[in-house]
Structure formats: structure tokens, C-alpha cells
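Here is a short report on one protein model. It covers the sheet, the helices packed on it, and some backbone details.

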Amino acid sequence: MRKIKNLWVIAVALILFGSAIAHWVQTSGGISIKDLRFSGAGGQTLSALLYVPPGVTADNPAPGILAVHGYINSREVQSPFAIELARRGYVVLSLDQSGHGYSDGPAFSNGFGGPAALRYLRSLDIVDENNIGLEGHSMGGWTVLAAAAAMPDAYQSMVLQGSSTGSGFAAEGRPDWPRNVSVVFAQYDEFAPTMWGVAEGRQVASSEKLQTLFGVSAPVQEGRVYGSVPAGTARVLHNPSVTHPGNHISHTAVSHTLDWFALTLDGANDPGVRVQIWFFKELGTLMALIGIVLFVLAASRQLIQLPAFVSLRASVRQSAWDARERKWWGLALAGAVIPVASFYPVFSLGAAFFPANALLPQSISNQVLLWALFNGLVLSLLGIWVKGRALSLKAMPGLNLLLAIMVVAATYTVVLAVDFLFKTDFRFWFVGLKRMNLDQFKSFLAYLPFFAVFFVLLGRSLHTGLSVGADTASRERWSNVAVLAGGFFVFLALQYASLFMTGRLLTPGEPLNTIVMIQFVPLLAIVAVISSWCWRLTGHYLLGAWINALLVTWYIVAGQATHVV
């Protein structure tokens, strides 16, 4: 019981302390944050966070900034920019694009929500409509470009973070459009060919498309301001040494953004603020994310003590292996390699043959689902072939499911409470667990049975195929983490070693899926920890499978774009 109490104390302390730090940082100096819903085109409801600096009123309006995240992200990912801009006196509207976060779908519709968001920002009486800036990362850049195209006189300047004109759905740039543009494009941006037509991000200065935007016929000089701010033709290029998603957590990218708006907009109240503090918010929400994982472990251990679940408690735990022998290592290696080797091919098949539909409306989630089912089946069959028939275990699926629902329901209650009290979620960078809205909950129910099949197959493969009798709890946990997440970690290390050394990924045609893959490392590590913990509690894989199915399905549908409504 002492261990349970200690785990509860650590979990709750991390959640409360981390969330309080994050809240303190994002409201530093008296900034207020409002969770907004407003109407977009065709009755579409859009979601945003509004950051309001202290002292800003209808009688004392401030310049406004529309800040927009990229594809399959949400408004919280823009917090480094929003926090620092608000600290310097700007009113910031951090938008959930169409079909992302809490904004109505479908994704990509109505200029990604950009024109409606700019119109809404201008309608606020606390905003000086003559001093409006636009900032967007990746597809968020296309969002603000859509706003600029729809309302060419409604803003003064913009920052394109890892984005470009003339790509995706964005109009081609000219020396006189858009107005006053800063291009912040990373040296190691995975999307360099897509965005600017160059093989490597560090070659962006030589991009013909960029030169057309700047009105020059020679490589653009980094840091030099071209054109005229009053005329709206000012241009500047910055090429920080980060990756495409790295722009989100780059002090340099934030600094360039602050400098550009200070140059091109008037009226911000910047009382000598120079130090950036946004990273402490990232550390706070990371602490809370670790805390919520520990909360799941503590809740499962606490609730299994209830009389109703006494029959689930492990008395004897069977193991598949007495010790690690050659066949074990072969099976473990296959478990680490096959999911990585199948990742790009299965995702490509999913994109081609398993598009979003009325039942399963999220394209990327469908690709993840196809990958999961494929690997669950392959690894299960491989384990049976190597080891023979699986362990004979007493299964109580209904009781295990009830306990899993209680654990995840308690976890969701904590997420709701933190959102209400602190207006934060549980995240680091673009990996985050947040509450669902009603549409996302409906998607959660639709995806859950399919992911449940995967996690049952995965748990069966992991514990009735790879469990070793002599392992301590710690060794078993780390072994399972290595099997589930290790292959992805090693492959991504090779990918980014290649990117940093040569300027190109090993798979240059897979920038989006490579970035998606980054999430698999922490997510599968968490899955392994929860599964191992529940295996020790019950001597069966079902409780961990159900908990992971509920948590991961929630994580996926709350964080992905909705393409069909």
C-alpha cells in the first residue's frame, strides 16, 4: 500500500505542479486566455484561444496577430509564439484550422478557416484593425495566405514558418503580394522540395520561387530586409538550424517572428521584454503528461483492490520463456523491425485504398489503423509459429474491460479538470493528450473496436510470446519498451542523422509520414509501460490491452484532422 500511496503522490504532484507552471507561464504579467467559438463560412464553427495582454481594452486597443498551426496539429502547438507575442502587447488569436482541434470539419475547407478568423480578429474592439499580423506554420501558412488573398487590405504583415507561397492550396507569391513577408524556413526542413522546390532546406535562398517572391534574380541574402515596409513589399528570409516541426520549439524562430512584427506593426506595448519564457510552459505540460501516465498506473493498481475485481489479481503469472535464448531474440528483433519496415508501405496503401469516410472520418487515423491491424496480425502469427501455441490463460474480458473503463474515465476526468482550471493539456511539442469534443467522441467510438483488436493482438504477442520468467518488473518493462519503441527510435535516429549530415532524409519522399512516426516512439513506450504494469497486476494481457485501446484511440482522434463530416 505504501508503494500505491507514493505513486499517487508523484502522479498528482506532477500533474498539479506541471499544469500550474504552464498556466503561470502563459498568463505571465497578467495575460488572460479565452477559449472561443465563432462562426465561419457556411455556418462552420471555429475554435481558437485568444491571448489578451493586460491593459488592452476597447479604449486602448492593441495590434492583433492571427496565429495558425500546421496539419494534424491544434491551436496549443502555437503557444510559444502566442505567449511571447502576448507578453509584448499583441492580442493573439490562436486558431484551430477547419477540421482540427475543436473546429468543425472538414479539413481544408473554407480557406482552412483563415479568412473567417481574420474577419473575427478584426471585429474585436480590443484590436487595432490597422495593425494586424498573420503567422502560420506549414499548412497554417497556407491558412494565413488564404486569409490574405480573401482580404488583401486587412493585414499589414505576415510570417511564414516552414511554409511557402505557391504550394498546396496557396497562391503564388509576387514582389507585391503578400504584404510584408518574413519567411522562416529551417535548414533541415523535411518539406523543402514541396514548399520551395529545393532539395534541402539550407538551399532555400536559391529557390526560384522564393526569388520571385522577393523580386530578385539572385540568391536571397539571409537576414537582409528587401523592399519597403510602408509600401507593403518588405521581405526577409531566416534559415534557422532546426527541422520542420522544430520551428515550434525554436527560440530563434520565435525571435525572428517577434522582430518582424516589431518592425512592421505599430502600437505594441513592449516594455523591454527580451527573455523568452515559453519553454517553461512546454516543460510544465511535459511534467503533467508524465504525471497522467503515472496516474493511469496508480488508478489501475488502486481500483483492482476493490472486491469486485478480486478475481483479476494475479496469484501465479505464467511466462513464455525461462530465459532469453536465440529464438527469443529473433522474435524480439522481428517485433522491433517489422512495424518499422511496414510503416511507409502500409501508410501508402491506406492513403490509396482506405480514405476517410462517414464512419471513420480521419485520413491519417485510417492509415494508422491499417498499419496497426496488419502488424497485430503478423506479429501474432509469427509468435505462434516461433513459440507454438500461446499460453493458456484464464480470460475475463468483461471484468477487465470494466476496470479499464473505470481507469480511463478517471483519467479523462483529470484532463477535464486541468483544462477547466488551468486551460492547458498534457503535451510536449506536438505530442499531446487533450479532451475531446462531441464529434471527436463519436469518432472515438467508431475507431475504438478496431484499435481494441490491435491491442489485444499486441498484448497477446508481447506477454504470451516474449515474457521471461526470471525478469524483474523493471527489466520486463524496459525490455517491452525496447521491443515496441526501439525499432522506431533507431530508424528515426538514422533518418535525422542523414538529414543533419546531408540535408536530406533517407526517405526524402516521406516527409509527412516521417514526422508522424516521431509520435510512435513516446506513444509505444507508454503502451509498453502500461501493458507491462497490468501484466504484473493480473497475470493477463487483457487489462493492459483495454486500457491502451481506450487511451490511444482517444489520443489519436483528439489530435488528428477530420476530413469527412
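## Basis

Two strands count as paired if DSSP finds at least two bridges between them. Helices (H or I, at least four residues) and strands (E, at least two) are DSSP runs, numbered from the N terminus.

This is a predicted model: local features need pLDDT of at least 70, side-chain atom pairs count only at pLDDT 80 or more, and totals for chains, interfaces and linings use all residues. Residues are numbered from 1 along each chain as its sequence is written, and side-chain values use heavy atoms, with hydrogens and water left out.

## The sheet

Eight strands form an open sheet with mixed pairing. Their order is β1-β2-β4-β3-β5-β6-β7-β8. At the edges lie β1 (32-39) and β8 (235-238), each of which pairs on one side only. From one strand to the next, the twist averages 20°. Axes here are lines fitted to C-alpha atoms, for helices over the stretch in contact, and angles run from 0 to 180 degrees between N-to-C directions.

Strands of a sheet pair through backbone hydrogen bonds, either parallel or antiparallel. Strands β3 (residues 62-68) and β4 (residues 91-96) run parallel and are joined by five bridges. Leu 66 stands opposite Leu 93 in β4.

## Helices on the sheet

Helix α2 (residues 79-87) packs on the sheet. It touches β2 (45-52), β3, β4, β5 (127-137) and β6 (157-161), where contact means heavy atoms within 4.5 Å. The direction of α2 makes about 40° with that of β2. Helix α4 (residues 139-150) lies across β3, β4, β5 and β6. It runs at about 145° to β5.

## The α2–α8 pair

Helix α8 (residues 278-303) packs against α2 at an angle of about 135°. Their axes are 9 Å apart. The two helices are therefore oblique to each other. Angles under 35 degrees count as roughly parallel, over 145 as roughly antiparallel, 65 to 115 as roughly perpendicular, and the rest as oblique.

The crossing of α2 and α8 is right-handed. From α2, Ser 79, Pro 80, Ile 83 and Glu 84 take part in the contact. They meet Trp 278, Lys 281 and Glu 282 in α8.

## Helix α10

Which residues of α10 (residues 343-353) are buried? They are Phe 343, Tyr 344, Val 346, Phe 347 and Gly 350. These residues cover an arc of only 165° around the axis, which puts them on the same side of α10. The arc is that of the directions from the helix axis to the C-beta atoms.

The face turned away from that buried side carries the exposed residues Ala 352 and Phe 353. Buried means under 20% relative accessible area, exposed over 50%, and partly exposed in between (1.4 Å probe, protein chains only).

## Backbone details

A cis peptide bond joins Gly 105 and Pro 106, with omega about 0°. Pro 106 sits in the loop between β4 and α3 (114-123). The bond from Trp 177 to Pro 178 is also cis, with omega near -5°. Pro 178 belongs to the loop between β6 and β7 (181-184).

Ile 72 is not a glycine, but its phi is positive, near 50°. This residue lies in the loop between β3 and α2. Ile 72 is buried, with a relative accessible area of 8%. Ser 138, in the loop between β5 and α4, has a positive phi of about 55° although it is not a glycine. Ser 138 is buried, with a relative accessible area of 9%.

Key: A crossing is left-handed if the near helix is turned anticlockwise from the far one by less than a right angle, and right-handed if clockwise.
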